[in-house]
Amino acid sequence: MVEIKRRRSFEAGHRLKFMVLVDETPECDRAVHFAVRRAARLGARVVMLAVAEPPETMEWLGVGDAMRAEAEAETRARLEGLAAAARGAAGVDPELVVRSGERADAILRQIEADEDIAFLVLAAAAGSDGPGPLVASIAGRTAGSFPVPVVIVPGGLSEAEITALAG
């Protein structure tokens, strides 16, 4: 497990950051919308983290590097599209970060790397299958030991409702 440094977002010379996890779920744009609206209201910054999870590769065929590069390019394109929407909706220019590997580890590594991250923003699925595996995992066994507060944005909220809630 990654050892998390002390948060510095409230010290002089630092600005707090909302880190929103960007993925391929339809609810993801709700979390982005909340993070950029709240950041704009508070004068904070936004980090948009996407985790490229390449499919199981057949390294012995020599296609592993190509598959990883393709997964990272697709992830970057998704980030850039959501960043453009964030700039248009709230005037916030997010920092874009792509990491590879398992999502929970990537989240913790990014929090460790950036001591100004003060909140993690996740989207929760609105369907009957539950909130999604990452939200369920963080809300379940790791909630009490997570290094920053976690904001879970319900996927069923409208943009108007999110804007009102974000202040």
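Colleague: Leaving aside its neighbours within four places in sequence, with which residues is glycine 101 in contact?

Modeller: Please keep in mind throughout that this is a predicted model. Glycine 101 has its place in the loop between S3 and helix H3 (103–113), and its C-alpha atom is separated by 5.6 Å from that of glutamate 53, although the two are 48 residues apart along the chain. Once the neighbours within four places in sequence are left aside, the contacts of glycine 101 are Val51, Ala52 and Glu53.

Colleague: Is glycine 101 buried, partly exposed or exposed?

Modeller: Buried would require a relative accessible area under 20%, and exposed one over 50%. Glycine 101 has a relative accessible area of 31%, and therefore counts as partly exposed.

Colleague: What is the order of the strands in the open sheet?

Modeller: The protein has five helices and five strands, and from the N terminus on its elements run β-α-β-α-β-α-β-α-β-α. The five strands form an open sheet with parallel pairing, and their order in it is S3-S2-S1-S4-S5.

Colleague: Which strands stand at the edges of that sheet, and why is one side of each left without a neighbour?

Modeller: Neighbouring strands of the sheet are turned by 25° against each other on average, when direction is ignored. Each of the two edge strands has a single partner strand, so one side of each is left without a neighbour in the sheet, and these edge strands are S3 (95–100) and S5 (150–154).

Colleague: How many residues of S1 are buried?

Modeller: In S1, Lys17, Met19 and Leu21 point one way, while Phe18, Val20 and Val22 point the other way, and all are buried. In a regular strand the side chains alternate between the two faces of the sheet. Strand S1 is largely enclosed by the rest of the structure, because the buried residues number six of the six.

Colleague: Over how many bridges do S1 and S2 pair?

Modeller: Two positions illustrate the pairing: phenylalanine 18 stands opposite valine 46 in S2, and leucine 21 stands opposite leucine 49 in S2. S1 and S2 pair in the parallel sense, and the number of bridges is six.

Colleague: Which element gives the largest share of the largest nonpolar core?

Modeller: This core has 26 residues, of which Phe18, Val20, Val22, Val32, Val46, Met48 and Val121 touch the most other members. The elements that give two or more residues to this core are strand S1 (17–22), H1, strand S2 (45–52), helix H2 (64–90), strand S4 (117–124) and H5. The largest share is seven residues, and it comes from H1.

Colleague: Where does leucine 120 lie, and what is its relative accessible area?

Modeller: Leucine 120 lies in strand S4, and it is named among the 18 residues of another core, apart from the largest one, together with Leu108, Ile138 and Phe146. Leaving aside its neighbours within four places in sequence, leucine 120 is in contact with Met19, Ile107, Ile138, Phe146, Val148, Pro149, Val150 and Val151. Leucine 120 is buried, and its relative accessible area is 0%.

Colleague: At what angle do the axes of helix H1 (residues 28–42) and helix H5 (residues 159–166) cross?

Modeller: On the H1 side the contact involves Arg30, His33, Phe34, Arg37, Arg38 and Arg41, which meet Glu159, Ile162, Thr163, Leu165 and Ala166 in H5. The residues of this contact divide into four nonpolar, two polar and five charged. The crossing is right-handed, and the axes, which come within 9 Å, cross at roughly 35°.

Colleague: Is alanine 40 buried, partly exposed or exposed?

Modeller: Alanine 40 is found in helix H1 and, not counting residues up to four places away in sequence, touches Ala90 and Val92. With a relative accessibility of 40%, alanine 40 counts as partly exposed.

Technical notes. Residues are numbered from 1 along each chain as its sequence is written. This is a predicted model: local features need pLDDT of at least 70, side-chain atom pairs count only at pLDDT 80 or more; totals for chains, interfaces and linings use all residues. Side-chain values use heavy atoms; hydrogens and water are left out. Axes are lines fitted to C-alpha atoms, for helices over the stretch in contact, and angles run from 0 to 180 degrees between N-to-C directions. Helices (H or I, at least four residues) and strands (E, at least two) are DSSP runs, numbered from the N terminus. A crossing is left-handed if the near helix is turned anticlockwise from the far one by less than a right angle, and right-handed if clockwise. Contact means heavy atoms within 4.5 Å. Ala, Val, Leu, Ile, Met, Phe, Trp, Tyr, Cys and Pro count as nonpolar, Asp, Glu, Lys and Arg as charged, and the others, Gly among them, as polar. A nonpolar core is a set of buried Ala, Val, Leu, Ile, Met, Phe, Trp, Tyr and Cys residues joined through side-chain atoms within 4.5 Å. Buried means under 20% relative accessible area, exposed over 50%, partly exposed in between (1.4 Å probe, protein chains only). Two strands pair if DSSP finds at least two bridges between them.
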